[in-house]
Amino acid sequence: MMNGSGTSDPAIVAGKPVNKAEPSAAEPVERRAGTEGNASQQSTGRMPSRGAVDQALERIRRTAREREKERFTSLLHHVSIEHLGEAFSELKRNAAPGIDGLTCATYEADLERNLEDLHGRVHRGAYRPLPSRRVYIAKPDGRQRPLAVAALEDKIVQRATAAVLNAIYEEDFLGFSYGFRPGRGAHDALDALVVAIERRKVNFIVDADIRSFFDTVSQEWLICFIEHRIGDKRVIRLIRKWLRAGVLEDGVVRESEEGTAQGAVISPLLANIYLHYALDLWAKCWRQHEAAGDMIIVRYADDFIVGFEHEADARRFLDEMRVRLAKFALSLHPEKTRLIEFGRFAADNRKRRGLGKPETFNFLGFTFICGKSRRGKFLVKRRTRRDRMRAKLKEVKKVLRRCMHRSIPQQGRWLGQVVRGYFNYHAVPTNSRAIAAFRDEIGKAWWHVLRRRSQRDALTWQRMASLIRDWLPPPHILHPWPNQRFAVIHPRWEPYAGKPHVRICAGGAR
């Protein structure tokens, strides 16, 4: 990178390109909307040095953008005391402690000295991460999802390091990658998928899910991928330490040579780096050189949807993708991966062949359905997944029974927060019936609990309906139609912008 005097800054990037570098990720189809602004959201603390940290990250972003194939040979000095302080300020104050039992409040009591000591250990190479504490959370299907809770100082160092690495990789990641990225969320992925299916020639969908992704990641392949861009051996050693720190479960520390701890601060970024090289770049190349017709792809972490114009393309892609993922120690979940007929012509084509309605698929908590608008035009409808709604209602009822004897205002405030939070995610167009049903079920569960508080309680439904109106927000659609929000994010790529050659696709267009 050039400084003000016109000389290069050797402390940031090496002068030679990566050997056998992967194809440039600044590809013409998936444009990234607002990368600079997104990445700048990493620094959200209120420390006096925030400006200096932002400037350092901006220099890294600019260098990564201008020198797509070069390696960063000196990065650890950006993990400064100020940056560690910002990372600490971004931690959730009520987060569960790791095996050290250290909380944010305790650490903050002598924050300056603690950060100086941590900074010194990191830069001397004396920093040693502790094993993560294993916890389990229930999944909607009844299974348990294992999570790793890191020690407080490990969270701080991982968050600061992730911010530096994000400044580089946000310039490399492709437009159809949405999971765990600054400035992008699940609804951005949902919007891109709906717009792509409705506007492109999509007739078949590959609904893919990688089996036990976080547990099967090859650590050696991961380090190999990171070294395409990161030449600072100290940063590589840090990442190796986190990968090998192990997990404490039932009093025993278990170390593994594969996988990355799900729940760790650094894990989402490492997962995106792994899939960027193992899947994304290959899928982009396949679409450009192998697909005979239209092809779209939207990926959110290890869950992704691929759409095709031709069935032959879909089957060939699926077969070749299995081989590609196997090369990097990954495999597709046999029960969650399938090829279905889906799109604007799916209903008519299946009716002509004497088949039923088009199959549906699930993505990010919604079931996608082939439907029609009131004017008879093709419309992708989204409904809340039934199993997810049942799981949420079961969870709420369980808590309600525990707080049965609390006052009605206390219960009402809590239930109002639950319903409001549910609407914030699920209140999308075409899903009004599902969110109304959720509110109704919450109201019935509340009524049932209140009536059980006393055998003499004669709470009528009329009185209960009044309580529901007072405490539970009414069901309203909160999100815009996907094409409206997509037009705001990608205004230059809309067909009505006077560019008939524009090619809309999931994640951006050209």
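## Strand pairing and salt bridges

Ile297 has Val306 in E7 as its bridge partner. The model is predicted, with pLDDT of at least 70 required for local features and 80 or more for side-chain atom pairs, while totals for chains, interfaces and linings use all residues. Residues are numbered from 1 along each chain as its sequence is written, and side-chain values use heavy atoms, without hydrogens and water.

Strands (E, at least two residues) and helices (H or I, at least four) are DSSP runs numbered from the N terminus. In a regular strand the side chains alternate between the two faces of the sheet. Met295, Ile297 and Arg299 point one way from E6, whereas Ile296, Val298 and Tyr300 point the other way.

E6 pairs with strand E7 (residues 303-308) in the antiparallel sense over 6 bridges; pairing requires that DSSP finds at least two bridges between two strands. The two strands form a hairpin with 2 residues between them, and Ala301 in the turn has a positive phi of about 60°.

A salt bridge is a side-chain nitrogen of Lys or Arg within 4 Å of a carboxyl oxygen of Asp or Glu. The count by this rule is 29.

| Salt bridge | N to O distance |
|---|---|
| Arg67 and Glu70 | 3.5 Å |
| Asp172 and Arg229 | 2.8 Å |
| Arg240 and Glu220 | 3.4 Å |

Arg240 in helix H10 and Glu220 in helix H9 are 20 residues apart. Arg240 is partly exposed at 23% relative accessible area, and Glu220 is partly exposed at 47%. In the remaining pair of the table, Arg67 is partly exposed at 21%, whereas Glu70 is buried at 16%. Glu58, Arg61 and Arg62 are linked in a network of salt bridges.

The mean pLDDT of the chain (the predictor's confidence in each residue, from 0 to 100) is 86, and 85% of the residues reach 70 or more. Over residues 1-48 the pLDDT is below 50. The pLDDT is also below 50 over residues 493-505.

Terms used:
Buried < 20%, exposed > 50% of the residue type's maximum accessible area, 1.4 Å probe, protein only. Contact = heavy atoms within 4.5 Å.
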